[in-house]
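Please open the model in a viewer and keep the sequence panel beside it.

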Amino acid sequence: MSGDSCLPQHHTLSHSTSSAPPLACPKTKTCSYRGAVGLGNKYVRINVGGTLFYTTLQVLTRQDSMLKAMFSGKKEVFTDKDGWILIDRSGKHFGSILCFLRDGTVSLPKGRQAVQELLAEAKYYLAQGLVELCENSLQGNTEQPLCVIPVVTSSKEEERLIQSSTKPVVKLVYNRSNNKYSYTSNSDDNLLKNIELFDRLSLSFNGRVLFIKDVIGDEICCWSFYGQSRKLAEVCCTSIVYATEKKQTKVEFPEARIYEETLNTLLYETMPLPDNSLLEATRRSYTSCGSHSEEEEGPGGAELRERVRRIHIKRYSTYEERPMGH
């Protein structure tokens, strides 16, 4: 079946009871691509949700899909006045659909949400191979959070986290409801700055320092620093100031001091043991199977190996012998 088709036209009545001209609507045509399988090199222009694509009938009919049914004559397609074939779908992932039909595989987009969007389009176009590819990716794609911050809800939970941690610990207590008095003008901004600094530090030292949030503590804003399960320092950011007629709570933002104490906690970081294979490789004496003559290494080769070995051992020994907190 072919011919012109258009949405039904409606007439509107004005207050003078005269009929207005019919609303104009774009004309579309239905056409059939029956027998197009043999025209593999013929280019087709497709408008998918306003995004334009050029491809060949050979690509569109290569695999079993809804597109093959459309362009092999089994289903009618709609075209606009310029000859573009209309598909009422989003064109965001249609390029990936065409790549899969052409090559049998496609690089999936990054991010779980983007893969889910492509999966929905693959199901609509009945591209079963692409559906399976997306589903397998989603099953194996368990995205891990970049940084996990525990929020303590009791003193026992806090003590357990600090005692069991093999890393230095930085804890921020912020509880705005603890205040008995009104805040000074800059206190709210400084409280937010402390929280933002905590988030930045947790990202910068992720994996080396355990960061803990405490939202039920007795302080309004207070930093605590721990190393090897004992408290090293504390930075309290609140104080009581006396205004003209009443007391006020002041929240400060000692950024430099907080940075300094955070870096000091790294002195209590558990360092890894020296690599035995590295120490073995830098020894002066070698086994007969792996030894090289000094002539092959050139002048100074043995001294360089000995120097590297001593640096590694000295660095580790210095850390072990260093008094804590200095």
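## First stop: the largest nonpolar core

Begin by selecting L67, F71, F94 and L130, the residues with the most contacts inside the largest nonpolar core, which has 30 residues. A nonpolar core here is a set of buried Ala, Val, Leu, Ile, Met, Phe, Trp, Tyr and Cys residues joined through side-chain atoms within 4.5 Å. Buried means under 20% relative accessible area, exposed over 50%, and partly exposed in between, with a 1.4 Å probe and protein chains only. Next, colour the elements that give two or more residues to this core: β3 (43-48), α1 (57-60), α2 (66-71), β6 (85-87), α3 (94-103), α4 (112-124) and α5 (128-140). Helices (H or I, at least four residues) and strands (E, at least two) are DSSP runs, numbered from the N terminus. The largest share of the core, 5 residues, comes from α3.

The model is predicted: local features need pLDDT of at least 70, side-chain atom pairs count only at pLDDT 80 or more, and totals for chains, interfaces and linings use all residues. Residues are numbered from 1 along each chain as its sequence is written, and side-chain values use heavy atoms, with hydrogens and water left out.

Centre the view on L67. Leaving aside neighbours within four places in sequence, L67 is in contact (heavy atoms within 4.5 Å) with L60, I87, F94, I97, L101 and Y125. A separate core of 22 residues lies apart from this one, and includes L172, L201, A233 and I258.

Select α3, where F94, S96, I97, L98, F100 and L101 are buried. C99 counts as partly exposed because its relative accessibility is 30%. Just after α3, G104 takes a positive phi of about 85°.

Move to strand β6 and pick I85. This residue counts as buried, because its relative accessibility is 0%. The C-alpha atoms of I85 and L52 are separated by 9.5 Å, although the two residues are 33 apart along the chain.

Which way do the residues of β11 point? C221, W223, F225 and G227 point one way, C222, S224 and Y226 point the other way, and all are buried. In a regular strand the side chains alternate between the two faces of the sheet.

Strand β8 (residues 169-174) pairs with β11 in the antiparallel sense over 6 bridges; two strands pair if DSSP finds at least two bridges between them. Within this pair, V169 has Y226 as its bridge partner. Strand β11 (residues 221-227) also pairs with strand β12 (residues 230-236), again antiparallel and over 6 bridges. The hairpin of β11 and β12 has 2 residues between the strands, and in it Q228 takes a positive phi near 50°.

Select C222 and C236 together. The sulfur of C222 is 4.6 Å from the closest cysteine sulfur, that of C236, which is too far for a bond. A disulfide is a pair of cysteine sulfur atoms within 2.5 Å, and a search of the whole structure finds 0 of them. C222 counts as buried, because its relative accessibility is 3%.

I212 is found in strand β10 (residues 210-214). At 0% relative accessibility, I212 counts as buried. Show its contacts beyond four places in sequence: P150, V152, L161, I162, V169, V170, K171, L172 and F198. I212 and L161 are 51 residues apart in sequence and 8.8 Å apart in space, C-alpha to C-alpha.

Display β9, β14 and β13, which form an open sheet of 3 strands in the order β9-β14-β13 with mixed pairing. β9 (182-183) and β13 (238-242) stand at the edges, each with a single partner strand, so one side of each has no neighbour in the sheet. β13 pairs with strand β14 (residues 247-251) in the antiparallel sense over 5 bridges, and Y242 stands opposite K247 in β14. Helix α7 (residues 187-204) packs on the sheet and touches β9 and β14.

## Last stop: the whole chain

The secondary structure comes to 11 helices and 14 strands. Among contacts with a separation of 6 or more, 66% join residues 24 or more positions apart.

Conventions:
Axes are lines fitted to C-alpha atoms, for helices over the stretch in contact, and angles run from 0 to 180 degrees between N-to-C directions.
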